[in-house]
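Subject: Structure handover

Hello,

Here is the structure I said I would pass on. My notes on it follow below the display.

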Amino acid sequence: MTASSLKFGTSGLRGLSSDLEGHAARRYTAAFLRHVAGLGQSGGGGVFLGRDFRQSSPTIAADCAAAIDAAGLEPVDCGTIPTPALACHAMAAGCAAIMVTGSHIPADRNGLKFYLPSGEISKADEAGILAALRDEAVGELGVAVADEAVAAEARYFERFAGLLPAGALADWRIGVFEHSSVARDVLAGILRHFGAEIVSLGRTESFVAVDTEAFGDAVFAPLPGWVAQHGLDAIVSADGDGDRPMVMDGRGQFVRGDVLGLLAAQYLGADTVVTPVTSNSAIERTGFFGSVVRTRVGSPYVVEAMGHAGGAVVGFEANGGTFVGEGVTVEGRPLAPLATRDAVLPILCALGLAAAQGRTIDELVGALPLQHALADRLQEVPGERSGAFLSRLAEDSAYAQQLFAPHGIAGLSQIDGLQFRTAAGDMVHFRASGNAPELRCYVEGSTPEVAQALLAWGMSIAAREVA
């Protein structure tokens, strides 16, 4: 893999850390800044930087700072901080921002998430950055970098200080699975602010890649035991850069991200929900929302669709990362728009909704008309093999009918990947990851057993066909 093969995925530029460090990080930062200038959005004069705990992130952040300085702008360091906290702080200052993070992908990879002063970049902005990319040498950093880490975290904390009633979580005992998430300390602090008793769990000093959608990963194996050992009402966590939530209920069961997003939208009183095609079909069946808009997978698609939606707008992805659009009020006060994924928001909303209704998390989820949904992925599957499988499945009806013979095909959506409805009304969805060499499989079934069987079948079919 060469630096030129670094690519934009579902949220930001991604690639091997060794390919991003140095020349490449500086070139892409310079291209982003040229794009920002071309849009006339360089007015703030500063560019805010944040990073996750990956070993490569400080070096890459320094490369970004050098390019910012070379462009005649001021680099501002916000330290190890959640991505939404960085975006919130930069937008308040009217400045652009860059987050150095690979999010949930393996530790040998890293990436850059770019923010305009107006918010998260779009797919059109990604094209603009690539058009502005030059093979240029960018010199070393020549100035001291301003430090606003404390102020940025304080602003993020304040955003949530009135989200729940005072003392709303006073009767809750909550474990925070800290691992190496940059959200670990601020999440625990916010939960304590609302009265929760916090138990710290699984903190690591080295970076651990945590995919909050892959519940079967070994990193999650201790969690059910921790629930019982510590008498917890819930365990909460986030991915490496704090924009994807994780919640386990008091019975040791994971709550899917799209369910957390649904609960957040309910708590926030959304009129319109915007979410990808991979989110649970129960969202429409609840009747909670006047409109549900489905998009392709990836935060730029959700953000773009939110911009065209009316009323109180909330977006979320199947991973649970939640976006706040226009018109949202909480406790009689407006909640400022922040159209980028956030992990802390849906965690607080789910806990707040359960507390307000006098329910446990599992009771709250159990009252929803959910299809039983599961997901998994095949790792280290090159894009060309995933692409060949998906293309054949889409274009060769005889091949598709043969593969799906045990279940039948009642319908097909191609908004993103291939989502098949079976003769029994269940769902199997294949799509290639936009962030890593992975082929993902999502299923919905009428019962947990049906969902488990569909996922096992889908994964075995995918493994066989891409071998």
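Does Arg341 count as buried or exposed? Arg341 counts as buried, because its relative accessibility is 2%, under the 20% limit for that class. Please keep in mind throughout that this is a predicted model.

Salt bridges

Arg341 has a partner: its side chain and that of Asp243 meet in a salt bridge, with 3.1 Å from N to O. The two residues sit in distant parts of the chain, 98 residues apart. Asp243 is in the loop between strand S11 (234–238) and S12, while Arg341 is in the loop between S19 and helix H12 (344–357). Asp243 also counts as buried, at 2% relative accessibility. Both residues belong to a network of salt bridges that links Lys113, Asp241, Asp243, Glu317 and Arg341. In the structure as a whole there are 28 salt bridges.

The side chains of Arg431 and Asp416 form a salt bridge at 3.8 Å, N to O. Arg431 lies in strand S23 (residues 427–432) and Asp416 in the loop between strand S21 (411–413) and strand S22 (418–421), so this pair ties together parts that are 15 residues apart in sequence. Arg431 and Asp416 are both buried.

In the other pair, Arg251 bridges to Asp249, and their closest N and O atoms are 4.0 Å apart.

The largest pocket

How many residues line the largest pocket? The lining has 31 residues, and those that lie nearest the centre are Gln253, Phe254, Arg256, Ala373 and Leu374. Strand S12 (245–249), strand S13 (254–255), helix H13 (361–366), strand S20 (372–379) and helix H16 (448–466) are the elements that give two or more residues to this lining. S20 provides the largest share, five residues. The space in the pocket is about 810 Å³. Sorted by class, its lining has 16 nonpolar, eight polar and seven charged residues.

Cavities

Searching the whole structure gives four cavities of 30 Å³ or more. The volume of the largest cavity is about 150 Å³. Its lining consists of 18 residues, with Glu213, Arg244, Val297, Asn319 and Arg431 nearest the centre. Four of the lining residues of the largest cavity are nonpolar, eight are polar and six are charged.

The second largest cavity has a volume of about 70 Å³. Its lining is made up of Ser11, Gly12, Lys113, Phe114, Tyr115, Glu120, Ile121, Glu126, Ser299 and Pro300. Which element gives the most to that lining? S6 does, with three residues. Strand S6 (109–116) and helix H11 (299–306) each supply at least two. By class, the lining of the second largest cavity has four nonpolar, three polar and three charged residues. Lys113, one of the lining residues, is also part of the salt bridge network described above.

Positive phi values

Most residues other than glycine have a negative phi. Two residues should be noted against that background. His179, which is not a glycine, has a positive phi of about 30°. His179 is in the loop between strand S9 (173–177) and helix H7 (184–193), and it is buried, with a relative accessible area of 1%.

Glu331 also has a positive phi, near 55°. This residue lies in the loop between strand S18 (329–330) and strand S19 (333–334). Is Glu331 buried or partly exposed? Glu331 counts as partly exposed, because its relative accessibility is 47%, which falls between the limits of 20% and 50%.

A surface patch

Leu141, Val143 and Val145 make a nonpolar surface patch of about 190 Å². Val143 is in the loop between helix H5 (123–131) and strand S8 (146–147). With a relative accessible area of 39%, Val143 is partly exposed.

Regards

How values were computed. Residues are numbered from 1 along each chain as its sequence is written. This is a predicted model: local features need pLDDT of at least 70, side-chain atom pairs count only at pLDDT 80 or more; totals for chains, interfaces and linings use all residues. Side-chain values use heavy atoms; hydrogens and water are left out. On a 1 Å grid over the protein atoms alone, a cavity is a set of points where a 1.4 Å probe fits but cannot get out, and a pocket is an open set with protein on both sides within 12 Å along at least five of seven lines; lining residues have an atom within 4 Å of a point. Grid points are joined across faces, edges and corners, and a volume is the space filled by probe spheres set on the points. Helices (H or I, at least four residues) and strands (E, at least two) are DSSP runs, numbered from the N terminus. Ala, Val, Leu, Ile, Met, Phe, Trp, Tyr, Cys and Pro count as nonpolar, Asp, Glu, Lys and Arg as charged, and the others, Gly among them, as polar. Patches are made of residues with over 30% relative accessible area and no salt bridge: like charges are joined within 9 Å, nonpolar side chains (Val, Leu, Ile, Met, Phe, Trp, Tyr) within 5 Å. Accessible areas come from the Shrake-Rupley method with a 1.4 Å probe; for residues, only the protein chains shown count as cover. Buried means under 20% relative accessible area, exposed over 50%, partly exposed in between (1.4 Å probe, protein chains only).
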